[in-house]
Amino acid sequence: MCGIIAYTGNQNAAPILTASLRQLEYRGYDSSGIALVSRGKLKTYRAAGKLAQLENRLPNKISGKIGIGHTRWATHGEPNDQNAHPHTDTQGRISIIHNGIIENATELKRKLEAQGCVYTSETDSETIAHLISHSIISNPKMAFLDVVRLALKQLQGTYGLVVMNADAPETLIAARSGSPVIIGIGKDEMFVASDSAALSRYTREVVHLDDGEIASINAKGFEVTTLDAISMSKQSVMVDSSQLNYELGNYDNYMFKEIHEQPESIRRTLSGRLDHRFNTAHLGGLNMSPRDLMNVRRVCILGCGSAYYAGISGADMIETLARLPSKAEPAAEFRYRNPVIEPDTLYIVVSQSGETFDTLAALREIKRKGSHVLGVNNVVGSTIAREVDGGIYMHAGTEVSVASTKAYTSMLTCFALLALHLGRVRDLSPQQGEQLVNALEALPEKIKVALEQNQQIKQLAKKYHHINSAFFIGRTNAYPIALEGAQKLKEISYIHAEAYPASELKHGPLALISPQTPTIIILPDNDLLGKSISSLQEIRARKGPVIALTNAQNEDIHSLADDVMYTPNTHPILHPIIMGIPLQLFAYHCAIAMDRDIDQPRNLAKSVTVE
Ligand code: G6P
């Protein structure tokens, strides 16, 4: 998604802007640009494609101690040079960068064009530059900050933005309504960014803007007010340094690195949370007493993408262990269907980034209707983490690859801990609790063993990567494993992949089974193994190739499947965690064999901060 960076201080801004954009690259983008005020003039450089295209276009020396930079993920207008940010007004004095969507841009454009503004892009964002410029012309005596306030009040939609004015070249104005903006505090220099990663080389001290706030920033400091000019006092926080210095090391890409970090990331998620005395999980951040938990009658989990799939597994874990009716729903669908919010339902929003727009909007809708919401989040201090009533931090560490791996398994681990905790408050016996505590403790080592299959899975990917389409199937708690497996394959290899509950096979997808369409069948060692093997047989009877993923020692699987991937066995609640690993590796090796861009797959973004 779009990335924002801005600088004002004593140094040359251009190298700082490009280095910071490099840190934002992982979020996914299709064009980039920077603008500076140099000797009273606005200089703008923009290029479609990767950051290298922009760098090739930059002159060797660009002066200017104030500047703004942007990586764009196209929403309005194709990814070309003209649509890249920063955008400028007709007079070439105002420059803006914007993350979000301006919903009334077409209407405003019509009016602004009638008043002589000349548009040079197809974006909604350009409207902001013209609107500010037009407000300056209409209110020549008004202070710049007030003019920007006036302009922003006319916008409908979402924004995280920075405005630079060649006629006020010491000040940056930043504002937030729905898309993250943070101010980075340096010594005699200040920064604005959409993500603390962009500031990693320069400062750890940041201030988060909240929705409806606007900041005026110069090299010496900043002032935050609301759009109605009410002064706000803001506290700075120190960003956890482990979030900042996350390098590739000896790995070729972040996805492979992150897949291999899972024994450690899961260990961190579990750290200090397993309670052997009472055979439960210790979760200090829930802000709910055992009595509050006893009063919960239902659980509803909301998230997007892999977080939603983790939520489906989470709901199954909670229903199984705590015997509470539990479900997961895509956050965007939930918020738009005017959901019934019940006081005795425990709502949980799950998000790696803590910035996903639809998840945040669902959270706000539930809170608006008066219910309690917990978060399962990775990024400390993210918007969702700040707005929930309590929750569980994943502590998975920074995740850079667009395709989620270690964050996904840490989400599942958080849900297993929560299910254990809720279960032990209710009917789960100490013995059952102890089994799960022990299984969780042993999990990181088992993940290590699962990762040892890397070479075999690489061979499997060599055999299958030419396919056009694949099915992933599983029953009950293996179905979300299938969903996430299919998601990983399509995200990074671009092979069409669909997941079905295995029981649904004969109600439709069986029509598409052929020697060209393999099925990956998830076969956990549980009571339903026999039924799932019947599904395997149905596929073989239609000459469909089958890759079985199992932790069962079962001869039939070997004789029926074309290929088998194994994982160590574990507590049935934890099957989705361990069985996800080979599917991550399978997708990864297929994508490598097809020479795909692993960490930044086409059209996708790491953190989706627009609707
Ligand atoms: C994007 C990413 C996915 C991720 C989803 C939710 O679509 O490409 O990998 O699962 O957002 O992100 P979140 O940060 O809320 O977990």
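## A salt bridge between domains

Asp211 pairs up with Arg364 in a salt bridge, with 2.8 Å between the closest N and O atoms. Salt bridge here means a side-chain nitrogen of Lys or Arg within 4 Å of a carboxyl oxygen of Asp or Glu. Between domain 1 and domain 2 the count comes to 2 salt bridges.

This is a predicted model, where local features need pLDDT of at least 70, side-chain atom pairs count only at pLDDT 80 or more, and totals for chains, interfaces and linings use all residues. Residues are numbered from 1 along each chain as its sequence is written, and side-chain values use heavy atoms, leaving out hydrogens and water.

## How the domains meet

The protein splits into domain 1 (2-239), domain 2 (241-448) and domain 3 (452-601), with bounds from an automatic or database domain assignment. The C-alpha centres of domain 1 and domain 2 sit 34 Å apart. Across this boundary, 14 residues of domain 1 are in contact with 13 residues of domain 2 (heavy atoms within 4.5 Å).

Together, domain 1 and domain 2 bury about 1100 Å², and 53% of that is on carbon and sulfur atoms. Buried area is the accessible area (1.4 Å probe) that two parts lose on being put together, summed over both. Tyr26, His208 and Val239 supply 37% of the area domain 1 buries against domain 2, more than any other three residues.

There are also 3 residue pairs in polar contact between domain 1 and domain 2, both partners at pLDDT 80 or more. A polar contact is a pair of N or O atoms within 3.5 Å; within protein, one must be able to donate a hydrogen and the other to accept it, and residues adjacent in sequence count only if both atoms are side-chain atoms.

## Around the ligand

Of the 15 residues around the ligand, Ser351, Gln352, Ser353, Thr356 and Ala605 come nearest (near means a heavy atom within 4 Å). A polar side-chain atom of Thr356 lies 2.5 Å from a ligand oxygen atom. Backbone N or O atoms also reach ligand oxygens: one from Ala605 at 2.9 Å and one from Ser306 at 3.0 Å. The protein covers 90% of the 390 Å² of accessible area that the ligand has on its own (Shrake-Rupley method, 1.4 Å probe).
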